[in-house]
Amino acid sequence: MSTKETKIINKVKIVDLDAQYETIKMEINEAISKVLASSNFILGPSVQSFEEELANYLKCKYVVSCGNGTDAIILALKALDIGTGDEVITVSHSYFATSEAIAQIGAVPVFCDIREDDYNIDPVKIKGLITKKTKAIIPVHIYGQSCEIKSVVDLANKQGLFVIEDCAQALGARYEDKLVGTFGNIGTTSFYPTKNLGAYGDGGAIFTNDLEIAKEIKLLRTHGSNKRYVHELIGFNSRLDELQAAVLRVKLKYLDKWNSLRREAADYYTFLFKDITEVKPPCIKPNCNHIFHQYTIRVPNRNKLQEELDKAYIDTLIYYPIPIHKQKAFLHLGKTNLPVTEKVCDEILSLPIYPEIKKDIQQYVVETIKQFFEKSI
Ligand SMILES: *Cc1c(COP(=O)(O)O)cnc(C)c1O
């Protein structure tokens, strides 16, 4: 189908939440009505059931939900007693929140470069960044594919460091036979609406097999208290609400199905791109099940291509246009040598992907890209 023949009146969205809602409307509306009728909105039965169901899904012992994915990282750091003056190794190629959480509790993010194949933390480059002040490593499983998490955990164990896995983009992704978020001391995730498991508002959670950590985070998320008006420590107000938990309980049942539909859509893109030499499709590591939170290609002339796609009513995103170490908020940390992070940043482009995406839309996207490169020769 050529660009001209295509009758796509609406914009091709990067993610289509309406399409998903249409498939689960009845269940969602019923779940929401039940919460409304119960008048129980905070830390009630839906939150408890959702936490149990998610722990079952992940095959981990404890899940504690909270207000959002950023708070999940803050709570995890607090529970591990990390704070002022400590250093935490993470990546600059991520959403700002990962490093913001580290800085928010008074610690210093130390940026590690990424690998060119999966855009995840490069385990080989971690060791040189460890100092006496280093307390933890926070790898991010970017775009929906696990980092080399076993190497990261092995290194951390040898060096006496904690590992917090930021799984906001990779809930349901595996490394070998285990789900991400269950390798390190703590896993964190976000239920921001556009994530693979998204609420209809904000939400987040931590996962752990450590009872003490789970208990501590349960206290921290609600003012350091587990008995009304009795406070054991200074905490936060960061809770998942019952409405969001009810929505997430419905959606969790479909997560694996949705993730495999994303994977099918990704495979189709990669198939369509096979003769377009300018496009480098994402790599899928053989021991991982990439769940394609983003389908991110690398191309020359990226900004021009993005403009061209925009003119053709195709939404795309640059995940992320400015690496965290170059953000104004972190310039005070000084110079950082991250050649791969900086190089990748100028070439990446994330294309529309979601479980319900239609083949003809994908064909239209690829055709538009193909025509762009034919024109530019
Ligand atoms: C979305 C996201 C977060 C933050 O989640 P919020 O729920 O928006 O606070 C953190 N880390 C990564 C990698 C993310 O993609």
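Author: A residue is called buried when its relative accessible area is under 20%, exposed when it is over 50%, and partly exposed in between, judged with a 1.4 Å probe and with protein chains only. The model is predicted, and local features need pLDDT of at least 70 while side-chain atom pairs count only at pLDDT 80 or more, although totals for chains, interfaces and linings use all residues. Residues are numbered from 1 along each chain as its sequence is written, and side-chain values use heavy atoms, with hydrogens and water left out.

Reader: What makes H3 largely enclosed by the rest of the structure?
Author: Eight of the eleven residues of H3 are buried, and therefore the helix is described in that way. The buried ones are Gly69, Ala72, Ile73, Ile74, Leu75, Ala76, Leu77 and Ala79.

Reader: What is found at the start of H3, and what just after H3?
Author: At the start, a side-chain oxygen of Asn68 comes within 3.0 Å of the backbone nitrogen of Thr70, which is inside the limit for a polar contact, a pair of N or O atoms within 3.5 Å; within protein, one atom must be able to donate a hydrogen and the other to accept it, and residues adjacent in sequence count only if both atoms are side-chain atoms. Just after H3, Asp81 takes a positive phi of about 65°.

Reader: Why is Glu264 called exposed, whereas Asn259 is called buried?
Author: Glu264 has a relative accessible area of 52%, so it counts as exposed, while Asn259, at 4%, counts as buried. Glu264 lies in helix H8, residues 255–272, and Asn259 is in helix H8 as well. The side chain of Asn259 makes a polar contact with that of Asn196, at 2.9 Å.

Reader: How do you know which residues surround the ligand?
Author: A residue is near a molecule if one of its heavy atoms lies within 4 Å of it; 14 residues surround the ligand, and the closest are Gly69, Thr70, Asp166, Ser190 and Lys195. A polar side-chain atom of Asp166 is 2.7 Å from a nitrogen atom of the ligand, one of Ser190 is 2.6 Å from a ligand oxygen, and an N or O atom in the side chain of Lys195 is 2.6 Å from an oxygen atom of the ligand. Taken alone the ligand exposes 380 Å², of which the protein buries 93%.

Reader: Which elements give two or more residues to the shell around the ligand?
Author: They are helix H3 (69–79) and helix H4 (97–104).

Reader: Why is Leu43 called partly exposed, and why is Tyr143 called buried?
Author: Leu43 has 35% relative accessibility and therefore counts as partly exposed, whereas Tyr143, at 3%, counts as buried. Leu43 is in the loop between helix H1 (17–38) and helix H2 (45–58), and its phi is near 45°, a positive value in a residue other than glycine. Tyr143 is in the loop between strand S4 (134–138) and helix H5 (149–159), and has a positive phi of about 65° although it is not a glycine.

Definitions and conventions
Helices (H or I, at least four residues) and strands (E, at least two) are DSSP runs, numbered from the N terminus. Accessible areas come from the Shrake-Rupley method with a 1.4 Å probe; for residues, only the protein chains shown count as cover.
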